Each structure stands twice: as structure tokens, then as C-alpha cells.
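Colleague: Could you take me through the enclosed space inside this protein, and then the aromatic rings? I'd like the cut-offs spelled out as you go.

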Amino acid sequence: MDERKLIFAANWKMNHGPAEARDYAKKFLPLASQVEGRRLWFFPPAVSIAALSDAVKGRPDVAIGAQNVHWEPKGPFTGGISIPMVMEAGARMTLVGHSERRHLFGETDDQVARKTRAALGAGITPLVCIGETLAERDGGRTEQVIVRQIGAVLLLLEPSDWGRVVLAYEPVWAIGTGKNATPDDAAQIHELIRMELGRNSVSARVPILYGGSVNSGNVGLLLTRPQIDGVLVGGASLDAQGWAEVVEKGSKAKVRPSGGYGMVES
């Protein structure tokens with residue numbers, strides 16, 4: 001099998017406190033041995049960052065991130081959490097602009113951009129999420145939404161900054177619904193994202209993950225497409241054994257650059 005550089009990012013959302021996080025790591029790590037070029041990222045709740053960071057020590061392929069941060073390093077923001085705080089707890093990256101932050105908590109494109117810039121300034125990797133709602137998709141506005149969301153970040157970053165950014169395309173209509181974009185659908189939007197970055201002098205090498213009801217049954221098909229550099233997964237990442245299965249099946253996906261889907265036989 002040709003080696004691929006893939007990122008498997010697990011977003012636990014509001015699940016797994018410190019004790020559960022440590023127990024998860026004990027179960028998961030033996031099931032997913034270190035593989036060259038494969039990175040395993042976990043985004044636990046803020047209270048579990050330190051516990052999980054400690055539990056995965058000795059595994060350079062595993063890194064821990066925060067689910068959300070404020071763009072200011074400190075201040076009167078009750079309930080907020082700063083980038084220096086999560087870094088002290090062990091975070092090396094952060095989600096920015098997850099659809100739930102945008103649509104449930106009212107996070108704006110400008111706030112997403114400010115958080116992205118703040119993360120880069122502090123020296124951690126921002127995993128910036130973009131994607132359209134069902135109404136926007138049905139209304140034929142997918143491209144418009146994607147360009148708008150990327151555009152806000154482009155305004156605040158220099159082209160050279162993008163070498164430290166990771167993107168995730170997560171169609172809101174596919175998150176937690178059991179629906180997911182087909183490999184062709186996802187690849188097409190990933191190409192759109194790369195074209196928009198290219199029009200703004202940004203390297204096409206920016207990793208782009210796919211997120212939206214990914215599971216062990218479809219991860220292999222999604223990762224047959226060379227445009228998709230990994231996955232961002234919520235529900236299917238909450239069980240250690242189940243997540244290990246997703247990681248292993250996804251890692252075996254055979255790239256089919258000219259179309260057609262399939263997996264390497266196990």
C-alpha cells in the first residue's frame with residue numbers, strides 16, 4: 001500500500017470527562033499502532049485536555065487539541081477559555097468555527113478569522129471548519145457560503161500563514177444526521193476550496209479534512225479520493241474500539257484519482 005499522509009481527528013464534543021478520557025486512551029492506543037505519515041488528533045472537552053495529554057505521552061503520532069478558544073489571551077470573558085490556558089493543559093491545536101459553534105452559539109465569520117489568527121500567533125494549529133446548511137445547499141448557495149467563510153480568514157492571514165492551517169469541510173446537513181456527502185460530492189467541494197485558496201496565492205498543499213457522519217462503513221470510500229486528506233469525526237469517535245476501526249479502515253483506503261471507489265482487501 002502506498003503511504004498517505006492522513007489526519008484522523010476525533011471531536012468528542014461534550015463527552016468524556018478526565019477519568020473517561022484516560023480509560024479511553026488505555027483501550028485505544030494498543031488498537032492503533034503508530035503508522036508513518038498518519039496523525040491521530042483528539043479534541044476532548046476542555047476539562048479533559050490535561051488528562052488525555054498525559055495519557056498519550058510517548059506517542060508522537062497522537063496530539064490533543066481544544067474544541068474552542070477565545071481570540072484574546074485573557075480578560076473579562078466569563079465562560080471563555082484562552083489559547084495559553086489550553087496550551088498549558090497540553091493542547092497543540094484547536095478547532096475553529098465548528099458548525100455547532102457557528103449555528104448554536106452564533107459565532108461569526110469574523111470571530112472565526114480572529115480565532116484563527118490568534119491560534120497561529122500563539123503557535124498552535126487551527127483546524128478551521130467550513131460548510132453549508134441544508135437550506136443553503138438546496139438553494140444552490142454552497143459555493144457562495146464556502147467562498148464567504150474562507151474569505152473572512154483570508155482577510156486576516158498572509159499567504160505564508162496557511163502552511164500552518166488545516167481546513168475541514170463539514171456540510172452542516174450531514175453532521176449527526178446519518179447522511180453524508182458522496183466521495184464525489186466531497187471531492188468536488190475540496191477542489192473548490194483549493195481553487196479559492198489558489199486564487200489568493202495560497203498553496204494547494206493545505207490539508208483539507210472531511211466531516212459529516214463519517215463511520216467505519218463509509219470512511220474507506222471517502223478516502224479513496226486524493227482530494228480528501230483525512231476526516232473529522234464526532235459520534236463514531238466516542239468509542240475507543242469503534243474509532244480504532246475507523247482509523248484502520250480509513251488508512252487502508254486505496255486512492256482512485258480517476259474515479260471509481262473501493263478499498264484494499266484486508
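**The cavity and the aromatic pairs**

Modeller: Searching the whole structure turns up one cavity of 30 Å³ or more. By cavity I mean a set of points, on a 1 Å grid over the protein atoms alone, where a 1.4 Å probe fits but cannot get out; lining residues have an atom within 4 Å of a point. Bear in mind that this is a predicted model, where local features need pLDDT of at least 70, side-chain atom pairs count only at pLDDT 80 or more, and totals for chains, interfaces and linings use all residues. Residues are numbered from 1 along each chain as its sequence is written, and side-chain values use heavy atoms, with hydrogens and water left out.

The largest cavity holds about 40 Å³ of space, a volume being the space filled by probe spheres set on the grid points, which are joined across faces, edges and corners. Its lining includes Gly-97, His-98, Cys-129, Gln-149, Glu-170 and Val-172. Helix H4 (99-103) and strand E5 (125-130) each put in at least two lining residues, and H4 gives the largest share, with three. Helices (H or I, at least four residues) and strands (E, at least two) are DSSP runs, numbered from the N terminus. By class, the lining has three nonpolar, six polar and two charged residues. Here Ala, Val, Leu, Ile, Met, Phe, Trp, Tyr, Cys and Pro count as nonpolar, Asp, Glu, Lys and Arg as charged, and the others, Gly among them, as polar.

Now the rings: the whole structure has seven aromatic pairs. Rings of Phe, Tyr and Trp (its six-membered ring) pair if their centres lie within 6.5 Å; planes under 30 degrees apart are stacked, over 60 edge-to-face, and the rest tilted. Phe-8 and Trp-243 are edge-to-face, because their planes sit at 75°, with centres 6.5 Å apart. That pair links distant parts of the chain, 235 residues apart: Phe-8 is in strand E1 and Trp-243 in helix H10. Phe-8 is buried at 0% relative accessibility, and Trp-243 is buried at 0% too; buried means under 20% relative accessible area, exposed over 50%, and partly exposed in between (1.4 Å probe, protein chains only).

Tyr-169 and Tyr-210 make a tilted pair, 6.2 Å centre to centre with 55° between the planes. Tyr-169 belongs to strand E6 and Tyr-210 to strand E7, so the pair ties together parts 41 residues apart in sequence. Tyr-169 is buried at 1%, and Tyr-210 at 0%. Elsewhere, Trp-12, Tyr-24, Phe-28 and Phe-42 form one aromatic cluster.

Methods:
On a 1 Å grid over the protein atoms alone, a cavity is a set of points where a 1.4 Å probe fits but cannot get out, and a pocket is an open set with protein on both sides within 12 Å along at least five of seven lines; lining residues have an atom within 4 Å of a point.
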